[in-house]
Structures are given as C-alpha cells and as structure tokens.
Amino acid sequence: MSYQKFKANQIFTGTNMLPEQFVLITNEDGIVEAIVEVADAGDEVQNFTGILSPGFINAHCHIELSHMKGLVTKHTGLINFIVNVVNQRNNTEPIIYEAIKNAEAEMLKNGIVAVGDICNTNNSFNHKLKSALTWYNFIEVSGWLPEVAEKRFAQVKEIELQFKTVKNNQQTSIVPHAPYSVSKELWQKIEGDFEGKTITIHNQESKAENDLFINGTGDFIAMYQLMNIENQDYKPSKKTSVQTYYSSLQKAKNRILVHNTFTSDEDVRFIQNIEVAQNNFTFFCLCANANLYIENRLPDIEMLRKNNCTIVLGTDSLASNNSLSIVDEIQTIRKNFPTIPLVEILQWATLNGAKALQLDASLGSFEKGKKPGVVLWNNDLVKRLI
C-alpha cells in the first residue's frame, strides 16, 4: 500500500497544535496512519505553507435555503427575518436544486467534510444521495397551535422516512424548530424519537424569545398576529425560553443549542445542572456571521468559555450569511474575540463538531484509523488536500 505524507508550518491534530518538525501520514484512501517526526517520515514528504487541519464540521446549516442568498436585508431583526423567509422561500425546483448543488460545492471547496443540516422539505434529498459530504439530517418541525400538532407530526414523519432510505454517510433525527414555534402537544409527539440521537434547536436568538416566555410580551406576539395565529390561551412560564423547554430534550444523547445570542450565565448553569443529572451532553453552536447579519449582535462567547461549555460552529444559511465557510466564521470570532487561542477555536470547528453529530469515530481529528479529511489553511485561503 502507498502512503501520503504531509508537512506544513503547523499541524492541528483536532486537540493541539504541533510544530513544523512533524509529518502527517495517511494511506492512499486518506485514512490516518500516524503523525511522526520528520526524521522518521522517510521520502516523498509533501511540504506546504500554513496549517494542516482535519476537515471542518458545519454543525448548523440550512442548505435548502441557498436560493435565498441576498434576498433578506441585513440587520432587520429575527422577527422580520422569519417573515421574509416564510414569504420568499418558495421558488421553482430548478432554481432551488441548482442553489443546493452550488452550496454543497462551496462547502467542499471550503474544507467542510460533514454538515448538520436542517431540512423542512425533501429538496436536498436527491443531492445527498450522491454527496461527497457526510450529513446529519435534522428533519425540522414547527407548529405553535395545539390543533396542528397531529398534522405537522405526520408530515415530518413522511420526510424523515424518505431521508432514512439514504444509507451513505447519513443520519436522521426529527427536531423542534424553536421554543416559540412548537406547542406542548407537538413536543410530546416528537420526544419519543429523541432516544440516542443528536437533537438540535434554535435557542435564544433574540431578546423577544425570552420576553415571550418570561412575560408573554414582545415581538413574537406581533408576529403571531401577522401570521393569523391565535394566541389568546398562551400562558408564559415566567422563566427564560431555555429554562422552559430544556427538560423536553432529556431523552436525546446530544443536544445542540444553536445561536445562543441571548443566553445568560444563569441559563448555562441551569443547563449544566440538568446535564449532569441526566448524563447527556450539550453543545453550544455559534453562527457568528448569521447573528451579525440578522441581529447585528454576537453571543457572549467569553461567558460560554468561562463556564467550560462545549462549543461548535455553524454557518446557518445563505439567507443569513454571505458564505458557507467555517474559516469565515473563525475569522469573525477572532476579530471580535482576539484573546481566544486559535487552537481552541479550531477544536470547535473539528473534533467538537464531530462529537456533537456523533461522527467522531471517523472524523474530527488526526487519529489512527480515522478518515477526517486533510485541509490546508493559509491565511484566508483554504485547500482541501484529501
């Protein structure tokens, strides 16, 4: 069997950064054999400028919204963004499918190897049948009114069944969209499918979300009225949104909370207390460029770090982002939080993401037997070597 040998200024292993005297060795199929010192590597070592890294994990994406790039004005706030997406997400099949194909190609070019993808439809199904990416398909359901719970659950089960027929590098879960869009009755129907799976939810993306659950006030009330959703029987829990719904995730093996723009120190401690009691794991997904695009605000990342939260990275959709690039997300975080070590952020983008999607047996780090992909990162330029 032949081998490939890679050397660069640094090698990021998935957990730490190695200096330039080390060489990454894979077999011809890209499966990691070892990392050795240059003196032990032998001949035919390929030399590169930059950092070698395992392939990136995009823990949160909506590839089926790729045709909406540039359609929604920036900084309009979450409520206006939701209304715009609902009103503009439909288009002809050729336009939607071409945008999905191009978005997938963009992620591959940008060194992404696996995606946690939100699916409200089956629009991405045909592309995923032959995709070079690894997918965790989150079949998303919403329905704020109790009377639509049965119908919405039946619809999402149909979509789930279709995605479950795809066997190549794909997993599937039914997941709630957000706390403000899933009724108690709908929660009860989907909870039975959480066992052993990774479940994701849009969490505390706006101040209005907490206003709704604490006081029963705020912009979501106006949104319900705009959408002709009767809401007169709603009673606020007097707690933040995450403290209201979080116990409903107890059956899940992993939980990915996405955005967390208005998550507080108190919320994190609440989550961690339950997490310990239930022996499962919570990941906090940052989509920095989307947060800036929609709300022009970033989560309190330093607070998450202080509480030893496990962080992963996502791109959200091209409706709320200019690119589907984890490197662009890293650069935005480094610009706004310059004291966070690069090695830490790279772990968010690789091994942490693989663990969140239950893909760490093969992806996320340069460990013997894994096939994580090899990415070269030189300043803003990304090249996928394997």
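Modeller: Leaving aside residues up to four places away in sequence, T310 touches F281, T282, F283, F284 and N352, where a contact means heavy atoms within 4.5 Å. T310 belongs to strand β15, residues 310–313. Helices (H or I, at least four residues) and strands (E, at least two) are DSSP runs, numbered from the N terminus. With a relative accessible area of 18%, T310 is buried; buried means under 20%, exposed over 50%, and partly exposed in between, with a 1.4 Å probe and protein chains only.

The model is a predicted one, in which local features need pLDDT of at least 70 and side-chain atom pairs count only at pLDDT 80 or more, while totals for chains, interfaces and linings use all residues. Residues are numbered from 1 along each chain as its sequence is written, and side-chain values use heavy atoms, with hydrogens and water left out.

A288 is another buried residue, at 4% relative accessibility, and is found in helix α10, residues 288–294. Again not counting residues up to four places away in sequence, A288 touches L298, E329, T332 and I333.

Of its 386 residues, 56% count as buried. Among contacts with a separation of 6 or more, 72% are between residues 24 or more positions apart. The radius of gyration is 21 Å, which agrees with the value near 21 Å for a compact globule of 386 residues; the radius is taken over C-alpha atoms, and the globule rule is 2.2 Å times the number of residues to the power 0.38. Along the principal axes, the C-alpha atoms fill a box of roughly 75 × 45 × 40 Å.

Next, one of the sheets. Five strands make an open sheet of mixed pairing, in the order β3-β2-β7-β16-β17; two strands pair if DSSP finds at least two bridges between them. Its edge strands, β3 (17–18) and β17 (381–384), each pair on one side only. Helix α13 (residues 342–356) packs on the sheet and touches β2, β3, β7 and β16 (374–378), its direction making about 45 degrees with that of β2. Such angles run from 0 to 180 degrees between N-to-C directions, and the axes are lines fitted to C-alpha atoms, for helices over the stretch in contact.

Within the sheet, β2 (residues 10–12) and β7 (residues 51–54) run parallel and are joined by two bridges, with Q10 having I51 as its bridge partner in β7. Between β7 and β16 the pairing is antiparallel, over four bridges, and L52 stands opposite L376 in β16. Strand β7 is covered on both faces, with I51 and S53 buried on one side and L52 and P54 buried on the other.

The aromatic residues come next. The chain has 10 aromatic pairs, counted where ring centres of Phe, Tyr and Trp (its six-membered ring) lie within 6.5 Å; planes under 30 degrees apart are stacked, over 60 edge-to-face and the rest tilted. F213 and Y234 form an edge-to-face pair, because their ring centres are 6.4 Å apart and their planes stand at 90 degrees. F213 lies in helix α6 (residues 207–215) and Y234 in the loop between α7 (219–226) and α8 (241–245), so this pair ties together parts 21 residues apart in sequence. F213 is buried, at 6% relative accessibility. The rings of F220 and Y224 also have centres 6.4 Å apart, but with planes at 35 degrees the pair is tilted. F220 and Y224 are four residues apart in helix α7, so about one helical turn separates them, and both are buried.

In α6 the buried residues are A208, E209, N210, D211, L212 and F213, and what covers them includes β12 (198–203), α7 and α8. G216 follows α6 and has a positive phi, near 70 degrees.

A further ring has a charge over it: the charged end of K128 sits over the ring of W135, 4.6 Å from its centre. That term requires NZ of Lys or CZ of Arg within 6 Å of the ring centre and within 35 degrees of the ring normal.
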